[in-house]
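I opened this entry to keep track of what I looked up, and in what order. The structure goes in first, and my notes come after.

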Amino acid sequence: MANSSANGASALSLVNIAKHYGAVKALDDVSFELKKGEFLTMLGPSGSGKTTSLRVIAGFVAPTSGQLMIDGRDMTGVSPQKRNIGMMFQDYALFPHMSVADNVAYPLETRGVARAERRRRAMEMLEIVGLAHCAGRFPKQMSGGQQQRVALARALVFNPDIVLLDEPMAALDKKLRTQMQIEIMHITKQVGATVVSVTHDQEEALVMSDRIAIFKDGRLAQIGTPQDLYTHPKSEFVADFIGEANILRGQLRHDGALAVIEGPGWRASLPKSDPRVAASSASPSLVLRPERIHVNRADAVADAANGAEGVIVDKIYLGTEYRLIVRLADNAVIQLRSRDIATLAALNAADRVRLSWQPEDLVIIAA
Ligand code: ADP
Ligand code: MG
């Protein structure tokens, strides 16, 4: 028989998946693929369809239409027990009456693995998550972070095809959460797991993921690497969801060899031949990242082709940098971050300033 994964089939593939609850389209034509060993995070506002996607993958929810493939095989109608999927959900607690080793070994027991082998594999997994010395303890004798790692070991111990994580860190405090994000990423990479995680925390998505899928209203707004989404967002929604974005709406015109996008008090210019110009519309949106905007005194000599004039509304000192809020001519507000402490120290609220940016830092959305 053909081994589909050897043929390069993806580890997981959603093909035109929809899930309707009456008039509510929880999922609407969602398609994406995952390679073996990839870590994907689904990110989006509350109600955008993340958990429903995860439940469709797990098999707890049957899609209204579409197809789900795991390792090249159609699993759309297959029951959850037969999917070989590991899960770590926020409300998927450890069994309190079982030792840590028995908790981790449990999925092997339900799969009919013999006792000695269960013990061996549970201990091996506890070793990987750094808790071999806690094998005989009970869950309540362990910290929140330790319990989390036991739950991860339990989700990985049977070598699942896919591991699903739904807001697994939501109950942990900020410091522990950051530490666990890095640990979970390393552990899942070490065992080669294919992971789909859900969060509404963009930092978590950026820290952990090979790729991020951004959901909006039951649809996939964009999928890509963190760098790709940050530098090439295809919509204002994505630009705003990954990192901070200043969005200016302007008009495009041609001026000799230049394409100029402008609005009241600001202008951005780039070579007419640039691919971003060809992809633009006549009334595009310009995305400017706060750390890519330079600030100068109003009397500074500046490049009029790429900049804006405005008035400082607020100047906030953040230790290693300033955050500056500047109002432009039409009341559009720009936020920027600057480490130019010397320039910033001399500027104050109500001062006029000249902002500038580099053509290569412009993100143009065809709106
Ligand atoms: P997220 O996890 O991104 O917050 P969900 O996938 O839980 O979003 O929900 C997506 C949409 O589907 C929401 O509008 C939600 O109210 C709706 N929904 C989810 N599950 C059900 C259900 N069992 N019955 C009815 N509506 C549901
Ligand atoms: Mg959810």
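**Ground rules**

I am working with a predicted model, in which local features need pLDDT of at least 70 and side-chain atom pairs count only at pLDDT 80 or more, while totals for chains, interfaces and linings use all residues. Residues are numbered from 1 along each chain as its sequence is written, chains are lettered from A and ligands numbered from 1 in the order in which they are written, and side-chain values use heavy atoms, with hydrogens and water left out.

**Whole chain**

Helices (H or I, at least four residues) and strands (E, at least two) are DSSP runs, numbered from the N terminus. Along the principal axes, the C-alpha atoms fill a box of roughly 80 × 45 × 40 Å. Of the 367 residues in the chain, 47% are buried. Buried stands for under 20% relative accessible area, exposed for over 50%, and partly exposed for what is in between (1.4 Å probe, protein chains only).

**Ligand 1**

Which residues surround ligand 1? I listed Tyr21, Val24, Ala26, Pro45, Ser46, Gly47, Ser48, Gly49, Lys50, Thr51 and Thr52. The criterion for being near is a heavy atom within 4 Å. By class I get four nonpolar, six polar and one charged residues in this shell. Here Ala, Val, Leu, Ile, Met, Phe, Trp, Tyr, Cys and Pro count as nonpolar, Asp, Glu, Lys and Arg as charged, and the others, Gly among them, as polar.

I then went through polar contacts (N or O pairs within 3.5 Å; within protein, one atom must be able to donate a hydrogen and the other to accept it, and residues adjacent in sequence count only if both atoms are side-chain atoms). A polar backbone atom of Gly49 is 3.0 Å from an oxygen atom of the ligand. For Thr51, an N or O atom of the side chain is 2.9 Å from a ligand oxygen. For Thr52, the distance from a polar side-chain atom to an oxygen of ligand 1 is 2.5 Å. Ligand 1 taken alone exposes 560 Å², and the protein buries 60% of that; the areas come from the Shrake-Rupley method with a 1.4 Å probe, and for residues only the protein chains shown count as cover. β2 (24–34) and α1 (50–58) are the elements that give two or more residues to the shell. The most comes from α1, with three residues.

**Helix α1**

I checked how enclosed α1 is. Seven of its nine residues are buried, so the rest of the structure largely encloses this helix. The buried ones are Lys50, Thr52, Ser53, Leu54, Val56, Ile57 and Ala58. Gly59 follows α1 and has a positive phi, near 100°.

**Strand β17 and its partners**

Two strands pair if DSSP finds at least two bridges between them. β17 (residues 307–317) runs antiparallel to β14 (residues 266–271), with two bridges. Arg267 stands opposite Gly307 in that pair. Five bridges join β17 to β20 (residues 352–356), again antiparallel, and there Gly307 faces Ser356. With β18 (residues 322–328), β17 has seven bridges, also antiparallel; Asp314 is opposite Ile325. The hairpin of β17 and β18 has four residues between the strands, and in it Gly319 takes a positive phi near 90°.

**A three-strand sheet**

I traced an open sheet in the order β11-β15-β21, with antiparallel pairing. β11 (246–249) and β21 (363–365) are the edge strands, each with a single partner, so one side of each lacks a neighbour in the sheet. The twist averages 25° from one strand to the next. Three bridges hold the pairing of β15 (residues 285–288) with β21, where Ser285 stands opposite Ile365.

Is Asp274 buried or exposed? Asp274 is buried, at a relative accessible area of 16%, and is found in the loop between β14 and α9 (275–278). A polar atom of the Asp274 side chain lies 2.7 Å from the backbone nitrogen of Arg276.

Glu321 is in the loop between β17 and β18. At 9% relative accessibility, Glu321 counts as buried. The Glu321 side chain makes a polar contact of 2.4 Å with the side chain of Arg337.

Notes
Axes are lines fitted to C-alpha atoms, for helices over the stretch in contact, and angles run from 0 to 180 degrees between N-to-C directions.
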